[in-house]
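Please look over the structure shown here before reading the notes on its chains. The points that follow are grouped by topic.

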Amino acid sequence: MKRTQENEPTLQPQRSRRGLWIVIGVIAVVVIIVVAGALTNWFGLGGPSPIQLNGAGSSFAFPLMSAWSTQYKALTGVQINYQATGSGAGINAVIAKNLDFGGTDAPLDATQHTQNPTLLTIPESLGAVTVAYNLPGLPAHINLTGPIVANIYLGVTTKWNDANITTINPGITFPSTSIFVQYRSDSSGTTFVFTDYLSKASAQFAAQVGKGKLVAWPVGSGAPQNQGVANAVKGQAGAIGYVELAYVVQNSMSYAKIKNAAGSYILPDLNSTAAAAASAAGSLPAGNGDWSQVSITNATGSSSYPIATFTYLLVYQELNIYPSGMTQAKAKALVDFLRWAVDNVAQTAAASLTYAPLPASVVTLDVTTIRTITFNGVALLP
Amino acid sequence: MVFPFRRGTRRALPHPTGSSWGDLLFQAGSGAAGFAILVLLALLAVVLAINALPSFRAFGFGFLGSTAWNPVRDEFGALPFIYGTLLTSAIALVLGVPVSLGIAIFVAELCPGSIRVPLTYLVELLAAVPSVVYGLWGLFVLVPLLTTYVSPALQGTLGFLPIFQGQIYDRNLFTAGVILAIMIIPTVSAVSRDALLAVPQHQREAALSLGATRWESIRIAVLSYARSGIFGAVMLGFGRAFGETMAVTMVIGNRNAISVSWFAPAQTLSSIIANSAREGAAGSLELGAIVELGLVLMLVAFLINVFARLMVWRFLGKREGGLE
């Protein structure tokens, strides 16, 4: 409403009448568009609607899912919608049967698995969580160990020139600045993997903080999403944070080599991540088994990066259980997509986005799992 | 937020005898709309209460006094967030209200007519900027500015106070207070200006004719006359600061703890809800605790409104003006 001189009456019937007409006009236009859209759909005027598969969850897997979605649409015409809502939300939504598939970095916990025994776990890709830091003038990759990182996140180690850090980095002069700890403020699969590793590396961390998608950090400051933590680390000299590999590469940040179980300092990259997965691949459960204890952090093998993780897709074994929307054709499309995703072409495409390809044994396990998926009891993949 | 302005005690007109269908329809329609408010509020409270039940059963009233927030161990308490909310809002008021009043007095009383209208538009435009924009600006402009210059200077001069000691995190409680102060300025100054403009002209003329200076006439005749409206404006600003989510979440640093230092990260009721709303399965203790925080937020907002209303009724006589 326009304000003029102070003593003029502010109520102007003409103006408000005009406003009313504008509102009515807008509503009319919206109604016409919606009705027209619905009619087009009813009478099939828009052509046969393409099959759409809806998924959501892990924000870590989002860049990969969008790339796959574009590629798969060009290949088959099937539209895959994936929203980066976070791992916790992805699990909740697929359990509530609101999604055709869920994405998560943290496996179903034991309770969730017992309550949903037909929800299959399909490792789809691999990622590494890096320890990124902002120390101007220092090399791009300093050495750190699990116990040192745990002590930093516990608030025990507070200065960069702490003796524990300087002794494993000979030849580097560290500033005496305080360490500014950064973590994820939202529910995050990245946090789950990172705390899982720190709990293995430090008994004190396991007792005081523990592992989870959201934990009670004793020190530091939180930012949402991987990019938020990356920005927070870049924004303050002396900061340390944990971020997925793809994000530190995109943001050209410094990140640490971490000492692995075999005693070597390993830089996170595709090879060291794949090595970590390969060392654990022999002991994975079946697709309908309990994955809650699966972890490839602190993996054995001399070239394994210690903070690595699978990222999973969650799909029901019998697909004719959705209250609505699931058809034989759609179920078939979902299974075909899963088969394509774990195969060579898709896995190679993933590598260009810094997602490590699955080891062959894991691909074999995934194909076995996908073959068990049925619609009305009939297997969908020969 | 309820305006603590005094409303007229107008009664509904007596029902006209020859009422038409249109009248009846209008009456029923507006009655239903009025009733819908009550139903909405009740539904909101009931749904929140039901979802918060697991948490209330587990922690009882201890929830309000506990500082634990540990999803791994299923321990939850609201105190750090109540503390963060009240303190950031208080910083916002202390920094924001004097500036807002200055703007309002200048626009309403002192500024030449030619720039009054543009200035008024500008202030109202600021009030319409979405909070996420303030958050972005805060993150990229205010945060570096405060971290590099203001906070170290405060630590250098007032460092003997515990609140200005310790590590200066870039996103912290003080930053959140400052951004909130900036966000409430448009609201508080626009509403106070309306209150000042509502003061009858003869009040000013009377003061000036008795030999008062410009400042004296504003203080004695205008400000005191409009204080009910100004108080309302301040409470409105408090309400905005109190419930603000987006901008605060972006600059407060999100640490679930009470720190003495203002330069440490903190968390408010709304920012912890925004951060963890996606966590927690239906019926879980964690979701219950998050929803209970929402109830606490509603309850505290309600108490503040009641308090503001009582203040207005208690201290301000019936004769004085302000907004009607």
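The notes below cover the model as a whole, then chain B, then parts of chain A.

This is a predicted model, in which local features need pLDDT of at least 70 and side-chain atom pairs count only at pLDDT 80 or more, while totals for chains, interfaces and linings use all residues. Residues are numbered from 1 along each chain as its sequence is written, and chains are lettered from A and ligands numbered from 1 in the order in which they are written.

**Chain B overall**

- Chain B has twelve helices and two strands, where helices (H or I, at least four residues) and strands (E, at least two) are DSSP runs numbered from the N terminus.
- Along the sequence, the elements of chain B come in the pattern α-α-β-β-α-α-α-α-α-α-α-α-α-α.
- Chain B holds 324 residues, of which 39% count as buried; a residue is buried if 20 or more other C-beta atoms lie within 10 Å of its own, exposed if 12 or fewer, and partly exposed in between, with C-beta atoms placed from the backbone.
- Among the chain B contacts that link residues at least 6 apart in sequence, 77% join residues at least 24 apart, a contact being two residues whose C-beta atoms, placed from the backbone, lie within 7 Å.

**Helix α3 of chain B**

- Helix α3(B) runs over residues 79-110, and its 32 residues reach 45 Å from the first C-alpha to the last, close to the 46 Å expected at 1.5 Å a residue; the expected span is 1.5 Å times one less than the number of residues.
- At G96(B), shortly before the proline P98(B), α3(B) has a kink of about 35°, the bend being the angle between axes fitted to the seven residues ending there and the seven starting there.

**A sheet in chain A**

- In chain A, three strands form an open sheet with the order β5-β10-β11 and mixed pairing, and its edge strands, β5 (143-144) and β11 (265-266), each pair on one side only.
- Strand β10(A), residues 257-259, pairs with β11(A) in the antiparallel sense over two bridges; strands pair if DSSP finds at least two bridges between them.
- Within this sheet, K259(A) has Y265(A) in β11(A) as its bridge partner.

**Positive phi in chain A**

- T354(A), in the loop between α13 (344-351) and α14 (360-371) of chain A, is a residue other than glycine with a positive phi near 65°, and T354(A) counts as buried because it has 21 C-beta neighbours inside 10 Å.
- N376(A), which is not a glycine, has a positive phi of about 55° and is found in the loop between β13 (374-375) and β14 (378-379) of chain A; N376(A) counts as exposed because it has 9 C-beta neighbours inside 10 Å.
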